[in-house]
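Open the structure in your viewer and keep the selection panel at hand. The tour below goes through it one selection at a time.

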Amino acid sequence: MISLMINGKQHHYNDDENMPLLWVLRDILKYTGTKYGCGKGLCGACTVHLDGQPIRSCVMPVSAVGKQKITTIEGLSNNGDHPLQQAWQQLNVPQCGYCQSGQLMSAAALLAENPKPTEQDIDLAMSGNLCRCGTYNRIKAGIQMAAGMKVTSFNIDDFALDKQSIDEQAIDKLAMDATAKGVKS
Amino acid sequence: MNKIENVSRRGFLKNLGFSSGALVLGVQFSALLPIPKALAQGLIATTDANKTSFEPNVYLTIHSDNTVAIVVHRSEMGQGIRTTIPMIVADELEADWQKIQVIQGLGDKKYGSQNTDGSRSIRHFYQPLREAGASARMMLEQAAAELWQVPINECQAIKNQVKHAKSNKIVAFGDLVAIAAKLAVPDKTKLVLKSKQDFRFIGKANVALVDGKDIVTGNATFGFDVELPNMRFAVIARPPVLAGKVKSFNSDKAKKINGVIDVIQLDDLTEPAIFKPLGGIAVIATNTWAAIQGRDALEVEWQAGEHGNYNSSSYKQALAKSCDNPTADLRQKGDVSAAFKNANRVVKADYFVPQLIHAPMEPPAATAHFHDGIIDIWACTQTPQSAQSNVAQAIGIAAENVNINVTLLGGGFGRKSKPDFVVEAALLSKQLNMPIKVLWTREDEIKNGYYHAVSYQKLSAGLDSSNKVIAWQHTEAAPTISSTFSKGADTIGFEASLGMIDVPFDIANVYCGAGKATAHTRIGWMRSVTNINHAFAVCSFADELAVASKTDSKDYLLALIGKDRHIDINKENAEYGNYGETLDKFPLDTARLKKVLTQVSNMANWHSNDKGKLPNGHVLGIAVHRSFASYVASVVQISTNAQGKIKLERIYMCVDCGIAVNPERIKSQMEGAAIFAISLAFYGEVTAKAGVIEQGNFDDYPIARMNEVPPIDVQIIASDAPPGGVGEPGVPPVAPAICNAIFAATGKRYRELPLNQYGII
């Protein structure tokens with residue numbers, strides 16, 4: 001029996017101790033915000049925090065977590081109001097969005113450690129997170145915006161929303177088929 | 001022509017399950033389908049007594065609670081279609097953005113094509129979507145006029161309300177539903193579309209992504225994330241060689257893995273591959289990890305079959321040879337051989353682009369639940385209708401009993417327009433009689449994909465004494481996409497329309513031809529398709545000619561393109577596809593090509609006399625290409641260090657895609673396209689040995705990382721031309737612009753990709 005503290009909530013796990021944390025989170029405990037991308041720690045899509053440190057959950061056996069507290073994208077903030085999550089929305093950072101959980105977790109760990117990172121600091125902290133859509137410049141801009149710094153990699157005159165606009169533009173989304181709504185439950 | 005019909009008038013509302021009235025509008029293609037049909041049928045499962053074949057491509061519903069439901073029938077994979085379609089409909093409707101509900105459409109032919117590839121969503125649906133919105137707006141205004149007994153031209157829809165200025169009366173859309181539902185839909189010829197200056201959303205760069213918050217909070221549902229009660233997870237050991245067979249296998253060890261519940265052999269593949277599963281052995285488990293462990297524990301003896309002799313190195317030599325023996329003449333203008341004889345000198349160069357694979361961050365995944373003679377499927381598919389028909393055929397039920405729910409796609413790039421993975425899930429769910437999620441690992445995605453074809457190209461140009469090009473010859477050998485659909489097809493055809501025969505240069509004598517090339521993998525289409533290899537060759541070669549002529553590359557390109565004109569290649573012994581469009585609507589317009597080229601060079605300070613504006617040691621390369629009915633030029637600025645490594649310093653992109661519906665997403669697509677191109681230029685190479693793909697993950701098939709990506713500046717040409725493609729046209733010019741910059745910096749011309757083989761990355 002393994003005890004896991006995830007986003008402030010206690011879980012018990014009683015299966016293969018060698019199972020990578022990624023699959024425990026996704027398949028067993030249904031935290032599907034953490035993504036699979038490579039299974040080898042090469043792409044960063046599965047990044048979560050252990051006691052605030054970013055790790056690749058696809059290569060970490062669940063038994064190695066120990067007493068460390070796990071934070072996933074679902075626990076980064078209460079209501080999507082982490083400064084990075086806000087900046088991501090203000091700059092329309094995502095394209096497909098699949099890698100962004102991992103990008104945000106890496107970026108959050110960076111800012112927690114280094115609140116005013118240089119561009120090189122950002123490159124260093126983020127180069128383990130792949131994005132096939134190519135959102136890197138906006139990710140960098142989002143980190144700089146959240147850190148209250150000058151945005152260097154993206155022309156924010158081209159596009160930047162204020163927080164109020166984000167809230168005003170929030171709209172309902174429905175799946176076409178009623179049964180699809182049950183997908184997440 | 002398409003026609004809009006008021007469904008609610010025809011008594012279908014009672015089937016919709018709405019307790020209150022609703023105005024339901026749909027757009028229909030009468031040219032495609034002759035008889036009217038219930039438009040609302042797909043909204044909520046219902047039986048339509050008046051079954052016909054007149055079907056809408058998209059529709060909207062206005063509810064009496066004043067909400068406006070807008071169906072997005074195309075797949076979201078990062079291009080922003082779930083935001084852009086509502087922008088168009090809401091604008092013409094005069095809807096209040098906050099009253100919108102976005103509904104993802106099920107796979108259904110009534111929408112027209114849902115095949116979200118080919119950079120077509122806005123190109124094909126901008127006008128029908130505007131008409132759907134405008135038609136509803138005019139009916140609501142008419143409803144208000146009847147309510148107040150005033151002339152309709154005194155009523156104006158503004159932000160989910162209709163106003164009567166003279167009397168200061170205001171009524172919400174929702175309160176007009178009952179009246180509007182009884183009205184006839186205005187004839188298409190009577191529709192009044194909004195003027196450009198009245199747009200609230202179209203052309204505006206201030207719209208937040210519809211799914212933005214869900215994505216940043218981890219609440220978005222991708223194909224990998226679908227979860228059904230009692231669902232089991234499947235991974236499949238597929239034959240390492242295309243159309244290979246299982247000779248024998250032992251699953252004893254696999255079945256001992258904790259969590260593995262079953263091992264099932266799938267039918268071997270019989271070519272052509274089309275969208276059929278590849279066969280192999282499926283391991284079913286209670287979680288993904290157990291399934292992967294179980295697969296690793298399988299003991300399988302494979303039989304390779306005829307593709308077991310495929311080796312990339314010898315294949316490349318064969319392609320090179322084949323280029324010298326073109327068996328298909330694809331364009332013949334003038335008399336090339338005579339022109340070469342008359343040429344003052346001839347410049348020749350060979351170009352090579354290897355096999356490539358999509359590598360979307362989310363590999364393919366599909367969840368299927370077969371029950372009660374029907375099957376419910378959730379999948380990250382670009383093409384729900386094709387998924388539907390292929391599943392129906394594979395499991396032997398009628399297409400209408402196959403429900404395809406489209407999740408968000410964690411990238412697509414063409415991979416997810418092949419529904420083989422959806423069929424796998426359907427077959428397993430039917431056989432096991434339980435919900436099954438099939439997940440592809442990264443290795444599966446890279447080793448068992450539909451590959452962008454390896455391509456060898458030979459170009460030659462004859463120059464007269466004034467360095468004018470009087471002869472142009474371009475031959476290519478590459479396996480064709482057609483081979484995936486017709487076994488044995490061995491010569492490119494339609495692929496030549498993607499940047500080869502439509503070379504936009506003003507040259508009197510042109511020959512394009514193709515040699516034979518037998519396919520040994522599934523050949524598919526990947527973002528920008530053969531424009532990648534053709535633009536790489538043509539734009540590199542144009543730069544070589546500029547150098548040979550001792551002329552500035554940009555000036556040379558402008559001269560090569562020549563005077564303003566519309567080129568009709570069909571008049572030059574060629575069949576030009578033009579991305580399925582007429583040349584009347586989407587001409588090959590050299591003025592637009594030159595305009596993006598000129599503008600991008602202004603953005604980048606490209607002037608021989610302005611070199612002082614560039615930082616010391618920085619050098620530029622340029623390229624321009626038309627694809628998917630849009631025009632993109634790119635300048636790449638690089639520097640080199642003492643070790644001979646190159647660094648990308650900045651990329652400039654200028655696009656003319658006609659009307660820019662969602663400029664912010666157009667820019668994001670150009671940013672992403674440039675980075676997609678960096679990846680393929682630097683690293684893109686998939687090779688085979690004895691028919692087996694040698695790469696398997698991001699360690700041996702790398703893609704660009706943040707530290708390799710420079711700032712990317714994008715400008716969009718203001719245009720009133722019909723909207724062209726956006727998702728793909730940004731990719732082709734970037735790789736040649738990189739190589740042209742490298743030549744300018746180092747004097748080394750790299751004609752074979754990827755560049756990491758030269759030790760300069």
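Start inside chain A, at the interface of domain 1 and domain 2 of chain A: zero salt bridges are found across it. Bear in mind throughout that this is a predicted model.

**Stop 1: the two domains of chain A**

To set up this view, select residues 2-75 of chain A for domain 1 and residues 83-168 for domain 2. The bounds come from an automatic or database domain assignment.

Now show the residues where the two domains touch. Domain 1 of chain A puts 16 residues into this contact, and domain 2 of chain A puts in 13. About 1100 Å² is buried between the two domains of chain A, with 57% of that area from carbon and sulfur atoms. What polar pairing is there between these domains of chain A? Six residue pairs are in polar contact, both residues of each pair being at pLDDT 80 or more.

**Stop 2: the domain 1 side**

Select β3 (47-50) and β4 (53-56) of chain A, the elements that each give two or more residues to the side of domain 1 that touches domain 2. The largest share comes from β4(A), with three residues. Colour this side of domain 1 of chain A by residue class and you will find six nonpolar, eight polar and two charged residues.

**Stop 3: chain A against chain B**

Next, display both chains and select their contact, which takes in 73 residues of chain A and 86 residues of chain B. Together chain A and chain B bury about 6700 Å², and carbon and sulfur atoms account for 57% of it.

How many salt bridges link chain A and chain B? The count is eight. For one to look at, pick A:Arg26 and B:Asp225, which form a salt bridge with their closest N and O atoms 3.0 Å apart. Polar contacts between chain A and chain B come to 35 residue pairs, with both residues at pLDDT 80 or more.

**Stop 4: the chain A side**

Hide chain B and select the parts of chain A that touch it. Elements supplying at least two residues each include α1 (21-28), α3 (100-113), α5 (136-146) and β6 (172-175) of chain A. Which element of chain A gives the most to this side? α5(A) does, with five residues. Coloured by class, the side of chain A that touches chain B shows 33 nonpolar, 22 polar and 18 charged residues.

Key. Residues are numbered from 1 along each chain as its sequence is written. Chains are lettered from A and ligands numbered from 1 in the order in which they are written. This is a predicted model: local features need pLDDT of at least 70, side-chain atom pairs count only at pLDDT 80 or more; totals for chains, interfaces and linings use all residues. Side-chain values use heavy atoms; hydrogens and water are left out. Contact means heavy atoms within 4.5 Å. Buried area is the accessible area (1.4 Å probe) that two parts lose on being put together, summed over both. A salt bridge is a side-chain nitrogen of Lys or Arg within 4 Å of a carboxyl oxygen of Asp or Glu. A polar contact is a pair of N or O atoms within 3.5 Å; within protein, one must be able to donate a hydrogen and the other to accept it, and residues adjacent in sequence count only if both atoms are side-chain atoms. Helices (H or I, at least four residues) and strands (E, at least two) are DSSP runs, numbered from the N terminus. Ala, Val, Leu, Ile, Met, Phe, Trp, Tyr, Cys and Pro count as nonpolar, Asp, Glu, Lys and Arg as charged, and the others, Gly among them, as polar.
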